[in-house]
Amino acid sequence: MKELTPEQIHENWVKLINLIKDTFSEEYPDNRREKLLNMYQYFEDRMCVAPASGREHFHYAHVGGYVEHVLHVVDCAVQLKELWEKNGATINFTDEELIFAAMHHDLGKVGDMDKDYYVPQESEWHRKNRGEIFNHNSELQYMTVIDRAIFLLNQFGIKMTEWEYVGLRLTDGLYEEANKSYYISYNKDWALKSNIAYILHQADSMATHIEYDEWKRGEEEEEVRVQGNVENIKKAVTMEETSDQLSQKSKDLFNELFGDK
Ligand SMILES: [Fe+2]
């Protein structure tokens with residue numbers, strides 16, 4: 001499974017804070033930039049180590065995965081917006097609105113004001129056999145991730161525009177049952193009046209699938225490494241060698257299996 005070094009976790013955090021400073025204006029509304037920085041400062045210790053999901057085959061279920069995923073979705077959203085625009089789409093929202101919604105679509109995964117959303121899975125069996133790395137914290141009041149995101153922003157007095165709300169609210173696309181009436185409407189007046197939701201949903205989906213691919217490749221590389229070690233053991237036990245040679249080979253194999261990778 002992917003592991004980030006403390007330096008990488010710190011680097012991602014700095015990138016996130018710089019993104020806030022570079023994107024959000026002090027003017028709109030009531031110095032939102034400062035309120036956002038207050039919120040991020042409040043959650044810093046918990047947010048910078050939070051995972052983006054609980055199971056290893058989902059996406060970025062590792063320490064620091066949340067911030068990494070958010071940065072990834074923002075990056076994909078900005079690229080996709082340009083692609084939509086180049087292909088003739090109407091873009092009736094600003095980059096600030098797009099980045100605000102992308103940046104907070106999973107904010108609920110940080111937890112509530114005091115407690116984490118994900119807690120480490122204590123059972124070794126569940127970690128190994130079911131890939132459950134983190135569990136949902138049973139002490140939290142149930143809320144959807146998006147409801148919790150809006151609740152948390154509200155705690156810090158952070159306002160959002162209508163397009164930011166629509167984008168944030170609909171990022172999960174039709175994976176969220178409650179979004180159906182927004183996406184599927186037979187009344188033309190109720191159709192979405194901005195492409196922000198489609199772009200954000202594509203960005204989240206794209207980032208998530210790429211993160212899965214990254215995990216899968218890591219697993220395959222690990223499998224090849226383990227298989228290589230098994231083959232070496234098989235060879236060693238079938239070789240006719242002097243006891244000195246075997247003793248040296250055992251040491252080499254031990255180092256290969258348990259030494260530094
Ligand atoms: Fe996401």
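This briefing covers an iron site and the packing of helix α4 against two other helices. The model is predicted. The iron ion is coordinated by His69, His105, Asp106 and Asp204. Helix α4 (residues 95-104) packs with helix α1 (residues 6-23) and with helix α3 (residues 65-86).

**Iron site**
- The donor atoms are NE2 of His69, NE2 of His105, and OD atoms of Asp106 and Asp204, at 2.2 to 2.4 Å from the iron ion.
- The site is irregular, with angles of 83 to 171 degrees among the 4 donor atoms.
- Along the sequence, the donor residues follow the spacing H-x35-H-D-x97-D.
- Asp106 and Asp204 link distant parts of the chain, 98 residues apart.
- Asp106 lies in the loop between α4 and β1 (118-120), whereas Asp204 sits in helix α9 (residues 196-238).

**α1 with α4**
- The two axes come within 11 Å and cross at roughly 150 degrees.
- Angles over 145 degrees count as roughly antiparallel, so α1 is roughly antiparallel to α4.
- This crossing of α1 and α4 is left-handed.
- From α1, Leu16, Leu19, Ile20 and Thr23 meet Glu96, Ile99 and Met103 of α4.
- That contact has 5 nonpolar residues, 1 polar and 1 charged.

**α3 with α4**
- These helices pack at about 150 degrees, with axes 9 Å apart.
- The crossing of α3 and α4 is right-handed.
- On the α3 side, the contact residues are Tyr66, Val70, Val73, Val74, Ala77, Val78 and Lys81.
- They meet Asp95, Leu98, Ile99, Ala102 and Met103 in α4.
- By class, the contact of α3 with α4 has 10 nonpolar residues, no polar and 2 charged.

Key:
Residues numbered from 1 in each chain as written. Predicted model: local features only at pLDDT ≥ 70, side-chain atom pairs only at ≥ 80, totals over all residues. Heavy atoms only, no water. Axes fitted to C-alpha atoms, helices over the stretch in contact; angles between N-to-C directions. Helix = DSSP H or I, 4+ residues; strand = E, 2+ residues; numbered from the N terminus. Parallel < 35°, antiparallel > 145°, perpendicular 65-115°, else oblique. Left-handed = near helix turned anticlockwise from the far one by under 90°. Contact = heavy atoms within 4.5 Å. Nonpolar A, V, L, I, M, F, W, Y, C, P; charged D, E, K, R; others polar. Donors = N, O, S within 2.8 Å, 3.2 Å for Na, K, Ca; no water. Tetrahedral: all angles 85-135°; square planar, octahedral: opposite > 155°, others 65-115°.
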